[in-house]
Amino acid sequence: MLSLIGLVTALALLMLLTMRGMNLFVATPLCALLVAITSDIALLPPLAVEGQANVISAYMGGFTSFIASWFFMFLLGSIFGKLMEDTGAADSVARWIINGIGSHRAALAVVVACAILTYGGVSLFVVAFSVYPTALALFREANLPRRFIPATLAFGSVTFTMTSAGSPEIQNWIPIEYLGTTPWAAWQASLITALFMAGTGYAWLVWMLKRAKLRGEQFEARANDPLPVDIALPAVWRALVGPALVLAVSFAFHDSLQTSALILALLAGCIGVFVFCFRSRRDPGQAVADGSTGALIAIGNTAAVVGFGAVAKVAPAFMLVVDWVTHLPGGGLVSAAVAVSIVAAITGSASGGQVIALPILAPIFLGQGVNPEQLHRSVAISSGVLDSLPHNGYVVTTIRAICGETHRVAYGPVAALTVVVPGAGLIVCLLLFALGV
């Protein structure tokens, strides 16, 4: 019981500290320490008996493993975004979109760009790095409040595309191993659910932006913003070469190289931007330096949250929670959805929620005759509901490291579009299954 109280309190405290803007390199070890003290986990390696976990090893194991897996993606993704800024490619694309669809649809352009890249196999973190410069230019041209940029990026990346049938993101692929399904499992219900989430979420986003503008909110420039250039912008076809290369290379090599394909894709994108927008460059050396620094901050923040999750997973209460949520009464689809959502909330990871819960859930529910394709889609969508709480690594990185906002001003719209909307989508999907779709 003490371990459970400590785990819940630490999770709540981490969300509170994150919302209040505390540095995650401080907040996550403190919360991990609270978990350790209430769960009788050794604080230092020499204090742990053989085979027993300790806070330092568990935290740093999660921290370093994330960096080892994702460092080059973060680095190249951040550099790619900075080169788009430095060469004026982002401004060129933004002006082309504004002229084509009107400034009142700037948010739609950002959502569509994120959705295309995500469904094309580009990692969610990389999408945020890549699209942010263009999003910033679009919001500046349309005079929209910049605090909504994180929500717009997140909505286009982690909602109706991430968990939909056919998506190459890992959240749609993890269930295949345990359920023997395909990425297109339950595609009919998935399509309807995705359309519901896309339509509902975009309408809500437009409503929030209109309300904000009526309150007098507008785009506020900052000293470190890339300055818009009135002359020598690259032609739009040149500006689009980089993003097109990222999408094409990622899609072409995704099946054979998996996430490593992103390294090739982003390298190709960086080269494409530099070569095709060479004449409009300003200070590419500084862009690379700034991109490298930004990548270190972004991956460090995310790894810190992963480190806390690693400590939480070795607490005795964690497995008690997992056992409880995976044996909830009711239909298999509903129980599985609730279980994965809760575990994803604790770990701050949609994929983490699936990997932990599915080995337990799959044999139980498949043995009960639950439709594996429906189970696949329920688990995939539910993993993207509560994973976007304030301490989620993607949320922290997008709000703080990429967009330079605070949780206090930016997280509200993010929660609306990445927690409430997917939650409603999950209900729609479960109802469709109940109706035999």
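This is a predicted model: local features need pLDDT of at least 70, side-chain atom pairs count only at pLDDT 80 or more; totals for chains, interfaces and linings use all residues.
Residues are numbered from 1 along each chain as its sequence is written, and side-chain values use heavy atoms, with hydrogens and water left out.

Let me begin with the charged pairs. Side chains of opposite charge can pair when their charged atoms come close. The rule used here calls it a salt bridge when a side-chain nitrogen of Lys or Arg is within 4 Å of a carboxyl oxygen of Asp or Glu, and by that rule the count comes to four salt bridges. In one of them, Glu217 pairs with Arg147, with the closest N and O atoms 2.8 Å apart. Glu217 sits in the loop between helix 9 (187–214) and helix 10 (236–239), while Arg147 sits in the loop between helix 6 (124–142) and helix 7 (149–158), so this pair ties together parts that are 70 residues apart in sequence. When I say helix, I mean a DSSP run of H or I with at least four residues, numbered from the N terminus.

Glu217 also forms a salt bridge with Arg215, and there the closest N and O atoms are 3.1 Å apart. Are these two residues buried or exposed? Buried means under 20% relative accessible area, exposed means over 50%, and partly exposed is what lies in between, with a 1.4 Å probe and protein chains only. Glu217, at 23% relative accessibility, therefore counts as partly exposed, whereas Arg215, at 51%, counts as exposed.

Another salt bridge joins the side chains of Glu405 and Arg222, at 2.9 Å from N to O. Glu405 belongs to the loop between helix 18 (393–402) and helix 19 (407–434) and Arg222 to the loop between helix 9 and helix 10, so the pair ties together parts that are 183 residues apart in sequence. Glu405 is buried, at 8% relative accessibility, and Arg222 is partly exposed, at 31%. Through salt bridges that share partners, Arg146, Arg222 and Glu405 are joined into one network.

Now to the interior. In soluble globular proteins, nonpolar side chains tend to be buried together. A nonpolar core is here a set of buried Ala, Val, Leu, Ile, Met, Phe, Trp, Tyr and Cys residues joined through side-chain atoms within 4.5 Å. The largest such core has 112 residues, and those with the most contacts inside it are Phe74, Leu153 and Tyr394. Helix 3 (residues 55–86) gives the largest share of this core, with 14 residues. Contact means heavy atoms within 4.5 Å, and, not counting residues up to four places away in sequence, Leu153 touches a list of residues including Val110, Tyr132, Tyr394 and Cys403. There is also a second, separate core of 24 residues, which includes Val340, Ala362, Phe365 and Ile381.

Next, a pair of helices. The axes of helix 17 (residues 372–383) and helix 19 come within 9 Å and cross at roughly 170 degrees; axes are lines fitted to C-alpha atoms, for helices over the stretch in contact, and angles run from 0 to 180 degrees between N-to-C directions. Helix 17 is thus roughly antiparallel to helix 19, a label given to angles over 145 degrees, with those under 35 counted as roughly parallel, 65 to 115 as roughly perpendicular and the rest as oblique. Among the residues making the contact are Arg377 and Ile381 of helix 17, and Leu426 and Phe433 of helix 19.

Finally, some single residues. Thr28, placed in helix 2 (residues 24–39), is buried, with a relative accessible area of 0%, and touches Leu14, Tyr59, Ala304, Val305 and Phe308, again leaving out residues up to four places away in sequence. Which phi does Asn143 have? Asn143 has a positive phi of about 55 degrees although it is not a glycine, and this residue is found in the loop between helix 6 and helix 7. Ala186 has a positive phi of about 50 degrees, and is not a glycine either; Ala186 lies in the loop between helix 8 (170–179) and helix 9 and is buried, with a relative accessible area of 6%.

Definitions and conventions:
Helices (H or I, at least four residues) and strands (E, at least two) are DSSP runs, numbered from the N terminus.
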